[in-house]
Amino acid sequence: MSDNQANLGETIKRVLADETDVRSATAPHQQDFPYDREEEAQVTRREFCNFLGLTSAALFVGAAGFAGKAALDARSTPQSPATKIAGAEVLAPGSSLNFHYPAMNDSAILVRTLDGQFHAFGQKCTHLSCPVYFERAHQRLECPCHDGAFDAKTGNVLYGPPPRPLDSIKLEVREGEVWALGREASSGERSS
Amino acid sequence: MQNGNDPTKPQAGRNQTGAGRTAVAQARLILLVMVNVAQLWILAATVEAALARRFSALLPLVIASGICFVITLTLIFWWRPSSRRFTSSGYVKR
């Protein structure tokens, strides 16, 4: 026990000596660039006030920017050309297939329910845009991020935090092939 | 020693003024932090409303954030301790 204490004491002395060595070694440099570590760590009240002012400006710009971008995106109507979904014709009932529609960065999910019907939805959860997946055991679409779930036939919210149904994709079966005809986002406005 | 010549009297008065100024400065800081927290909440609500496509809620939220920003500017530039006057050349004693 006493050996340990002696070792600890020696270690502390060595560390403090190192610190002294560092300070003496950097003394000429500190003459040219005088700064004190402890003083530098302190933030004055004025600096903190200015920082809070800048933070407030950044939060305002962020809110305005996000709202503006959302409003612009809602006004622009993307082109949704008819597109054949490759691999859909061999999809077994009770399973799903991922595809992109209308653009390559718009992920979507095609579900074939147990009754053989096809349903397609945007894959982004309407809560915070996590990708949803088809849960075979319960035959529903689930979001792994915040435990939300959607009906696999309608895209409506079953439970969880999502505020609106999934984006729906119109489908048409032409001679055994499944075609996507358009994508529509539902509104989250609450009816009074 | 006479009361008027008591060296402790003016010192005590100055300390009281200093304490008052510190209280005002602390209150100002606390208000600024509270406004920042409110703005953070407004930003989160804006993001959620945008993702939920509730566009009718976006404008009021942005306006509320703007009002908070104006309050912050007011607190930083105009809300000062009343015991001293501020001019472009510095603080002027009354």
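This is a predicted model: local features need pLDDT of at least 70, side-chain atom pairs count only at pLDDT 80 or more; totals for chains, interfaces and linings use all residues.
Residues are numbered from 1 along each chain as its sequence is written, and chains are lettered from A and ligands numbered from 1 in the order in which they are written.

Chain B has two helices and two strands, and along its sequence they follow the pattern α-α-β-β. Here helices (H or I, at least four residues) and strands (E, at least two) are DSSP runs, numbered from the N terminus. Of the 94 residues of chain B, 19% are buried. A residue is buried if 20 or more other C-beta atoms lie within 10 Å of its own, exposed if 12 or fewer, and partly exposed in between, with C-beta atoms placed from the backbone.

Helix 2 of chain B covers residues 58-77. At 1.5 Å a residue, its 20 residues should span 28 Å, and its end C-alpha atoms are 29 Å apart, which agrees. The expected span is 1.5 Å times one less than the number of residues. Buried residues of this helix include B:Leu61, B:Cys68, B:Phe69 and B:Leu75. Seen down the axis of helix 2 of chain B, the buried residues fall within an arc of 140°, so they line one face of the helix. The arc is that of the directions from the helix axis to the C-beta atoms. The face turned away from the buried side carries the exposed residues B:Leu59, B:Thr74 and B:Phe77.

In chain A, helix 4 (residues 45-75) has 31 residues, which should span 45 Å at 1.5 Å a residue; its end C-alpha atoms are 45 Å apart, which agrees. Among its buried residues are A:Leu52, A:Phe60 and A:Ala70.

Chain A also has an open sheet of six strands in the order 1-10-9-4-3-2, with antiparallel pairing. Its edge strands, strand 1 (83-84) and strand 2 (95-100), each pair on one side only. Two strands pair if DSSP finds at least two bridges between them. Strand 3 (residues 107-112) and strand 4 (residues 118-122) of chain A pair over five bridges.

Finally, 29 residues of chain B are in contact with 28 residues of chain A. Contact is counted if the C-beta atoms of two residues, placed from the backbone, lie within 7 Å. Helix 1 of chain B gives the most to the side of chain B that touches chain A, with 14 residues.
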